[in-house]
Amino acid sequence: MLEIVTIDTGTTSIRGILFDQYGKQMHVCQLENPPIYHKNGWVEQDPQTWLTKLFVILQDLKAKADADGADISAISLTSQRSSVIPVDRNGKHIYPAIMWQDKRTEYCCDSLKEAEADVYSRCGMRISPVFSAPKINWIKDNKPEIYSSTYKFIGIQDLLLNALTGNFVTDATLASRTCLLNLHTKQWDKELLQIFDIEEDKLCRIIEQGSSAGGLTIEAARLSGLRQGIPVISAGGDQQCAALGQGMFDSSTVVANTGTGSYLIGSTAELYSIRTCAFPAMSLLLKTVS
């Protein structure tokens, strides 16, 4: 019997689910992993916590699969988006992860407001502290030694994909939350890179969501107990995957999803404006998923 592992990295926990070949949930392993909230509005996390708990979860799911007499044939990952981690060539972080809720980039965003119409027309996102590009810009302005030493600026899913495959890749649904992806070409946009003063070679290669990021490396197989070479799939961003999981397959359905953030999500073939409404305990984001 074949089984598939799905890893979902949220804001406050990371969980793994074991599915059989018919899509039946066989086992769940979830570990709490909240970020650090600083009084000045900064929100950070030690990236090693995700890596450590990833392999604990994979070991647990492997033990369950063995008990079922099953073979794990693939790993699929989804995660929260917009957090930024500077890493070296070996994928080791050289600065704490700046989380999506972090507010340190507000002044950077304010200084770029004149470019917002151009940014929005290209990436479909307003200039906001939530997204990745202002965070990278902040590092360049305030931590130039970190910026110059960074091989790639990656997200949480990219970090886990690299740990499992050795490749630096990100999928288009994750890249769409950076303010650097051109929604029409699904590639890094040179104009946006210039606006935020970021070099393209410091970003990951973009792959299609739902495609393989590579095979499980020898080291990842040793740490997890899984078979070397099994495909590691980047399933897409958490909200895109949640929308599919809730049955949003066409424009006739709108879904609501509530976690650390709350979202109403609809699907359309066209690009429409994004409205964000702030509430005391959450934000409501009306957005499109293509």
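Of the 290 residues of this protein, 51% count as buried, where buried means under 20% relative accessible area, exposed means over 50% and partly exposed lies in between, with a 1.4 Å probe and protein chains only. Before I go on, a word on the source: this is a predicted model, in which local features need pLDDT of at least 70 and side-chain atom pairs count only at pLDDT 80 or more, while totals for chains, interfaces and linings use all residues. Residues are numbered from 1 along each chain as its sequence is written, and side-chain values use heavy atoms, with hydrogens and water left out.

The accessible surface of the protein comes to about 13,200 Å², of which 53% belongs to carbon and sulfur atoms; such areas come from the Shrake-Rupley method with a 1.4 Å probe, and for residues only the protein chains shown count as cover.

Let me turn to the sheets, where two strands pair if DSSP finds at least two bridges between them.

Another open sheet, of three strands with antiparallel pairing, has the order 4-5-8, and its edge strands, strand 4 (36–37) and strand 8 (97–98), each pair on one side only. Two bridges join strand 4 to strand 5 (residues 43–45), and I36 stands opposite E44 in strand 5.

Now to the interior, where a nonpolar core is a set of buried Ala, Val, Leu, Ile, Met, Phe, Trp, Tyr and Cys residues joined through side-chain atoms within 4.5 Å. Which residues touch the most other members of the largest nonpolar core? Of its 39 residues, they are I7, L58, I75, L164 and L216. Several elements each supply at least two residues of this core, among them strand 1 (2–9), strand 2 (13–20), helix 6 (156–165) and helix 9 (218–224), and helix 1 gives the most, with eight residues. Leaving aside its neighbours within four places in sequence, I7 is in contact with residues including I14, L54, I57, L58, I75, L77 and L160. A second, separate core of 32 residues includes A133, I136, W138 and A175.

Finally, two backbone details. Most residues other than glycine have a negative phi. S82, however, has a phi near 85 degrees, a positive value, and lies in the loop between strand 6 (71–79) and strand 7 (85–87). C179 also has a positive phi, near 70 degrees, and its place is in the loop between helix 7 (172–175) and strand 11 (181–182). Are these two residues buried or exposed? S82 is buried, because its relative accessible area is 5%, and C179 is buried as well, with a relative accessible area of 0%.

Methods: Helices (H or I, at least four residues) and strands (E, at least two) are DSSP runs, numbered from the N terminus. Contact means heavy atoms within 4.5 Å.
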